[in-house]
Amino acid sequence: MVQDEYRDMCETYLMRNFGRHMLITHGKGARVWDDEGNEYIDCVAGIAVCSTGHCHPKVSEAICRQAKELIHISNLFYIPGQAELAKRIVEKSGIKGGRVFFSNSGSEAVEAAVKLARVRTGKKRFIAFKSGFHGRTFGALSLTHKEDYRLPFTPLPYDCSFVEYGDIEGLKAVMDDTVAGVILEPVQGEAGVFPAPDGFLEAVRSVCTENDALMIIDEVQTGFGRTGTWFGFQHADIEPDIITMAKGIGSGFPMGAIVAREGLEFLPGEHGGTFNGGPLACAASHATLDVLEEIIGDIERKGQRFRDGLAAHHPRQRGLMIGVTLGDRCAPVKDYCEEHGVLVNCTSGNLRLIPPLVITDEEIDQAVRVINEALDS
Ligand code: PMP
């Protein structure tokens, strides 16, 4: 728990937009420690970011090595490791002829995707889904459903219609030839882990193709092994036009990216960013991919171990994304878990478990035991 002195300094010098009460000082694998030395199994992973666990030696070493060679140079020059990373990401996406634009966060990836969709289609409208989350910048916020996030900032730049997630007739009803793109998550994460219903992604793909609208899959939370495949859309039989990604891409080093299909790219000068795809981020991401390549085959099994352990509480699960609807019980359940050495997350009245992908079976069993105690109490 945080010392009074540090809390006071935060209260005085930081904007108070984040609600928080703990000071985590270090981490290793799926475990973290607070400033009093208490140990926790981390089922939050920096909000689905610390994919290879905290301070994976390969990732830490890669960042340190790169930090001694070149920290920053800008996209005025070729950047070491950047093209190789783009190649690896395109290959993992399965998008033949795809190209990458790097960003520094998930919102910026979404921002790039909507700008690309606008500029290449020449159309202005978007369609997104209720309870979907795509980020906080003005463009990404235009596509994010939650009124609490949107209303203080209207008018928003993009005209966006919101349809019930899974409702293909609803999508057809608002679709017309003014729509530049349809954006959706393959598993709604911030909503509380709701996987797309069977056949939904395929049906959205058909509606987009029929109407010349781009299908933008937001993989910011679901990408890089989180759902047991490299990208969440790969559970369905589709090829999106644009994929956005971030979070797990660099194990916590800030980075994002989009992959766009062949023929869809920014022209010189149309978009950019000083830090985008910098040497340190590329090094962190290469090391992350090296680790994920070794463990990706085991992620669905680990997720099922969570699901089986929590079966009495009807969890939704895809890979290592697990959600349990709790409503008002969420906060006391989270507090109980925390007091008993397990960090969990509440989102929109749902318990959400998004642990590091390197979490061990023993850690899963220990976390499940505590979470079940909290849910049964
Ligand atoms: N899209 C999705 C699906 C997300 O889950 C998030 C973050 N929770 C974002 C976009 C925004 O990413 P960032 O916070 O890195 O800007």
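## Ser-348 and its loop

Ser-348 sits in the loop that joins strand E16 (345-347) to strand E17 (350-353). The model is a predicted one. In it, Ser-348 has a positive phi of about 50 degrees, although the residue is not a glycine. Most residues other than glycine have a negative phi. With a relative accessible area of 46%, Ser-348 is partly exposed, because values between 20% and 50% fall in that class.

## Ile-47, a positive phi in a helix

Ile-47 also has a positive phi, near 60 degrees, and is likewise a residue other than glycine. Its setting is helix H2, which spans residues 45-48. The relative accessible area of Ile-47 is 36%, so this residue counts as partly exposed.

## A cis peptide bond at Pro-155

Which geometry does the peptide bond from Thr-154 to Pro-155 have, cis or trans? The bond is cis, with omega near 0 degrees. Most peptide bonds are trans. Pro-155 is placed in the loop between H7 and strand E6 (160-163).

## The ligand site

Twelve positions can be read off the ligand's surroundings. Ser-105, Gly-106 and Ser-107 are among them. Phe-133, His-134 and Gly-135 also belong to the shell. Glu-185, Glu-190, Asp-218, Val-220, Gln-221 and Lys-247 complete the list. By class, this shell holds two nonpolar, six polar and four charged residues.

A polar side-chain atom of Lys-247 lies 3.1 Å from a ligand nitrogen. For Glu-190, an N or O atom of the side chain is 3.3 Å from a nitrogen atom of the ligand. Phe-133 takes part through its backbone: a polar atom there is 3.4 Å from a ligand nitrogen. On its own, the ligand has 400 Å² of accessible area, and the protein covers 82% of that.

Lys-146 is partly exposed, because its relative accessibility is 35%.

## The second largest pocket

The second largest pocket contains about 810 Å³ of space. Its lining numbers 26 residues. Nearest the centre of this pocket lie Asn-75, Gln-82, Val-100, Phe-101 and Phe-102.

Which secondary-structure elements each supply at least two residues of the lining? They are helix H4 (82-93), strand E4 (99-103) and strand E12 (256-260). By class, the lining has 16 nonpolar, eight polar and two charged residues.

## Thr-227, a buried loop residue

Thr-227 is part of the loop between strand E10 (214-218) and strand E11 (242-245). Is Thr-227 buried or exposed? Thr-227 counts as buried, because its relative accessibility is 0%, and the cut-off for buried is under 20%. The side chain of Thr-227 makes a polar contact with the side chain of Thr-229, at 3.3 Å.

## Two long separations

Glu-11 is in helix H1 (residues 4-13). Its relative accessible area is 42%, so Glu-11 is partly exposed. Between the C-alpha atoms of Glu-11 and Arg-125 there are 41 Å, and the two residues are 114 apart along the chain.

Arg-329 is in the loop between strand E14 (321-325) and helix H12 (330-339). Arg-329 counts as partly exposed because its relative accessible area is 37%. From Arg-329 to Ser-60 the C-alpha distance is 38 Å, across 269 residues of sequence.

Methods:
Residues are numbered from 1 along each chain as its sequence is written. This is a predicted model: local features need pLDDT of at least 70, side-chain atom pairs count only at pLDDT 80 or more; totals for chains, interfaces and linings use all residues. Side-chain values use heavy atoms; hydrogens and water are left out. A residue is near a molecule or strand if one of its heavy atoms lies within 4 Å of it. A polar contact is a pair of N or O atoms within 3.5 Å; within protein, one must be able to donate a hydrogen and the other to accept it, and residues adjacent in sequence count only if both atoms are side-chain atoms. Accessible areas come from the Shrake-Rupley method with a 1.4 Å probe; for residues, only the protein chains shown count as cover. Ala, Val, Leu, Ile, Met, Phe, Trp, Tyr, Cys and Pro count as nonpolar, Asp, Glu, Lys and Arg as charged, and the others, Gly among them, as polar. On a 1 Å grid over the protein atoms alone, a cavity is a set of points where a 1.4 Å probe fits but cannot get out, and a pocket is an open set with protein on both sides within 12 Å along at least five of seven lines; lining residues have an atom within 4 Å of a point. Grid points are joined across faces, edges and corners, and a volume is the space filled by probe spheres set on the points. Helices (H or I, at least four residues) and strands (E, at least two) are DSSP runs, numbered from the N terminus. Buried means under 20% relative accessible area, exposed over 50%, partly exposed in between (1.4 Å probe, protein chains only).
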